[in-house]
Amino acid sequence: MKIIQKALAFVGLLSLCGLFIYALQDAPTDENFETKLINDYNVYALQVPDNLNFAGEAMPLNNPDILERMDRELLVNTYWQSNGLLMFKRAKKYFPIIEPILKKHGVPDDFKYLAVIESGLTNAVSPAGARGVWQIMKGTGKENGLEINTNVDERYNLEKATEVACKYLLKSKKSLGSWTLAAAAYNGGTYGMSKRLKAQKVDNYYDLLLGEETGRYLFRIVALKEILSNPEKYGFNFRDKDLYENIPTYKVEVDTAVTNFAKFAQDFGINYKILKLHNPWLREPHLNNKSRKLYMVDIPKEGYYNVSID
């Protein structure tokens, strides 16, 4: 009997050790994070949520056409994993800049996802000439007070470009009557959307027959909103330290010409490349500024870059 009791105790001890080892292996530590990502990869059909909306305006998902189109965008954006993970990383860096400007103008927070599908939160250039995170055309930028020339292109200034996007969206909302149509108009134009609504005798985006780009536009926005709001649900695994940080800066007033921005940068303990990273709206290595206009140049705070300057 004692031999049996000892044997059972030994088996119990082994079981406890095994459970302890398994618990350690299953914990989301840095050591096993990469292994879990590889071993846990699977491809699943997705369940489209029943209550998706844009800016509080419900999507009519009881319509089979709308459901299929939404399913497509969820699938495409969920399983384009590299791009999706980059969106999470960039969102951490740029959403804190965009969100308060949207709020200030009374534009719903959901419009930050419009910027995601427009540019991937990069300073992209479209074949048509739209530029920056908000993909603003030259004419639209100038009409709304942006300076655009060989020296300076404020479409690349995220704060100023977000202000212009807000103005455009508010005008579209007033003209078309809904935030959904205002978002679609950012792609298809306010006049274009109004003309199609009238020609097709309907009053909302989801009843319109549109070209592929504008027809997918809202579905792509809502898909990115859903995925970026629920990373674990859609299989995205990351730690906060994996995301990109916005380097804090302070503003320097410039109201004269600058003949050499490389020298200007050195005076603040950085180099020309870093100056351009934080001020992509400066398009040339000098600033003419014959009118002595006041510009605000962002300089990163000390300690974030290792810079060797001759």
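1. The bend at a residue is taken as the angle between two axes, one fitted to the seven residues ending there and the other to the seven starting there. Helices here are DSSP runs of H or I with at least four residues, strands are DSSP runs of E with at least two, and both are numbered from the N terminus. By these terms helix 10 has a kink of about 30°, centred on Leu218.

2. The model is a predicted one, in which local features need pLDDT of at least 70, side-chain atom pairs count only at pLDDT 80 or more, and totals for chains, interfaces and linings use all residues. Residues are numbered from 1 along each chain as its sequence is written, and side-chain values use heavy atoms, with hydrogens and water left out.

3. Helix 10 covers residues 212-229, and its end C-alpha atoms are 26 Å apart; this agrees with the 26 Å that its 18 residues should span at 1.5 Å a residue. The expected span of a helix is 1.5 Å times one less than its number of residues. A residue is called buried under 20% relative accessible area, exposed over 50%, and partly exposed in between, using a 1.4 Å probe and protein chains only.

4. Helix 4 has 25 residues and reaches 33 Å from its first C-alpha to its last, close to the 36 Å expected at 1.5 Å a residue. A kink of about 50° lies at Tyr94, shortly before the proline Pro96. The buried residues of helix 4 include Met87, Phe88, Phe95, Ile97, Ile98 and Leu102, and also the charged-type names Lys89 and Arg90.

5. In soluble globular proteins, nonpolar side chains tend to be buried together. A nonpolar core is defined here as a set of buried Ala, Val, Leu, Ile, Met, Phe, Trp, Tyr and Cys residues joined through side-chain atoms within 4.5 Å. The largest such core has 63 residues, of which Phe54, Met59, Met70, Phe111, Trp134, Met193 and Tyr205 touch the most other members. Elements that give two or more residues to this core are helix 3 (64-78), helix 4, helix 5 (112-119), helix 7, helix 8 (179-188), helix 9 (190-200) and helix 10. Helix 10 gives the most, with nine residues.

6. Leu74 is in helix 3 and counts as buried at 0% relative accessibility. Ala58 and Thr180 are the pair 122 residues apart, with a C-alpha to C-alpha distance of 9.4 Å. Ala58 is in strand 2 (residues 57-58) and counts as exposed at 60% relative accessibility.

7. The largest pocket holds about 740 Å³ of space. A pocket is found on a 1 Å grid over the protein atoms alone: it is an open set of points where a 1.4 Å probe fits, with protein on both sides within 12 Å along at least five of seven lines, and its lining residues have an atom within 4 Å of a point. Grid points are joined across faces, edges and corners, and the volume is the space filled by probe spheres set on the points. Of the 31 lining residues, the closest to the pocket centre are Leu158, Leu277, His278, Pro280 and Asp298. Helix 4 (81-105), helix 7 (158-176), strand 3 (249-254), helix 12 (272-278) and strand 4 (295-300) are the elements that give two or more residues to the lining. By class the lining has 16 nonpolar, six polar and nine charged residues; Ala, Val, Leu, Ile, Met, Phe, Trp, Tyr, Cys and Pro count as nonpolar, Asp, Glu, Lys and Arg as charged, and the others, Gly among them, as polar.

8. Most residues other than glycine have a negative phi. Gln135 has a positive phi near 50° and is found in the loop between helix 5 and helix 6 (138-143). Lys201, with a positive phi near 55°, is in the loop between helix 9 and helix 10. Are these residues buried or exposed? Gln135 is buried, with a relative accessible area of 12%, whereas Lys201 is exposed, with a relative accessible area of 74%.
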